[in-house]
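These are my notebook entries on a structure that I am opening for the first time. I write down each thing I looked up in the order in which I looked it up.

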Amino acid sequence: IGATPNSYLHWNAVLSEKLGYEYSYWNLGIGFARASDAASDGAWLYKAKQNDIVFVCYGVNDILQKQPEEQIKSDLTYIVDVLKKAGKKVILQTIPPFDYQGEDVEKWMRLNAYILTELKEKADFVFDNTSILGKEGNLSEAMYGGHPNETGCEIWANALYEEIRKNAVL
């Protein structure tokens with residue numbers, strides 16, 4: 001989504017290539033998923049627990065589908081807690097910009113503040129993607145599209161890689 005169909009230019013594929021062959025990589029992205037889907041403790045969370053390191057980036061669809069803010073917080077917290085209890089390293093990302101409107105902008109800001117403060121204490125690392133994906137002066141607007149295009153995906157992957165490398169996350 002956002003990148004050319006059947007290409008390997010999505011942010012997670014670009015990041016995988018940058019990390020090199022020392023790591024096996026399995027993209028468990030769920031189309032149109034919400035944090036509540038992952039927090040249902042079904043197939044996604046089961047598969048995620050089979051890995052050593054899990055990158056978690058949920059919340060856009062929860063906001064767009066008008067999920068209550070407290071439920072989104074609870075779902076994100078549950079995902080991190082279950083993965084940590086299973087002995088996994090968790091790299092959590094903030095909720096990306098997606099041209100939110102009205103009250104969704106405020107909800108997005110509060111949820112990201114929660115991730116950057118409360119969940120930061122639980123996850124192994126939190127990556128704030130908003131400044132690289134949002135428009136300067138209005139970070140809730142997606143500079144490269146809600147599903148970032150190839151340029152946005154490359155910028156996202158490069159910034160995430162540099163933060164992982166700089167902070168010795170892996």
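This is a predicted model: local features need pLDDT of at least 70, side-chain atom pairs count only at pLDDT 80 or more; totals for chains, interfaces and linings use all residues.

I then looked up where N61 sits, and found its place in helix α4, which covers residues 60–64. Setting aside the neighbours within four places in sequence, I noted that N61 is in contact with F32, A33 and R34. I also looked up the separation between N61 and V126, which are 65 residues apart along the chain, and the distance between their C-alpha atoms is 20 Å.

My next entry concerns helix α1, which spans residues 11–19 and whose buried residues are W11, N12, V14, L15, S16 and L19. I wanted to know what covers these buried residues of α1, and the cover includes the strands β1 (53–56) and β2 (89–93) as well as helix α8 (150–166). Just after α1 I came to G20, which takes a positive phi of about 90 degrees.

I turned then to the strands β4 (residues 134–135) and β5 (residues 138–142), which run antiparallel and are joined by 2 bridges. Within this pairing, G134 stands opposite A142 in β5. The hairpin that β4 and β5 form has 2 residues between the strands, and I noted that G137 takes a positive phi near 90 degrees there.

Read along the sequence, they follow the pattern α-α-α-β-α-α-β-α-β-α-β-β-α. The radius of gyration of the chain is 15 Å, close to the 15 Å that the globule rule gives for 170 residues, so the chain is as compact as a globular protein of that length. Along the principal axes, the C-alpha atoms fill a box of roughly 45 × 35 × 30 Å.

How much of the protein chain counts as buried? I looked this up for its 170 residues, and the share is 45%. For the contacts with a separation of 6 or more, I noted that residues 24 or more positions apart account for 72% of them.

My last entry is on surface and charge. The protein chain exposes about 9000 Å², of which carbon and sulfur atoms supply 49%. I find 17 positive and 24 negative side chains in the chain, and the centres of these two sets lie 5 Å apart.

Terms used. Residues are numbered from 1 along each chain as its sequence is written. Side-chain values use heavy atoms; hydrogens and water are left out. Helices (H or I, at least four residues) and strands (E, at least two) are DSSP runs, numbered from the N terminus. The radius of gyration is taken over C-alpha atoms; the globule rule is 2.2 Å times the number of residues to the power 0.38. Buried means under 20% relative accessible area, exposed over 50%, partly exposed in between (1.4 Å probe, protein chains only). Contact means heavy atoms within 4.5 Å. Accessible areas come from the Shrake-Rupley method with a 1.4 Å probe; for residues, only the protein chains shown count as cover. Lys and Arg count as positive and Asp and Glu as negative; His and the chain ends are not counted. The place of a charge is taken as NZ of Lys, CZ of Arg, CG of Asp or CD of Glu. Two strands pair if DSSP finds at least two bridges between them.
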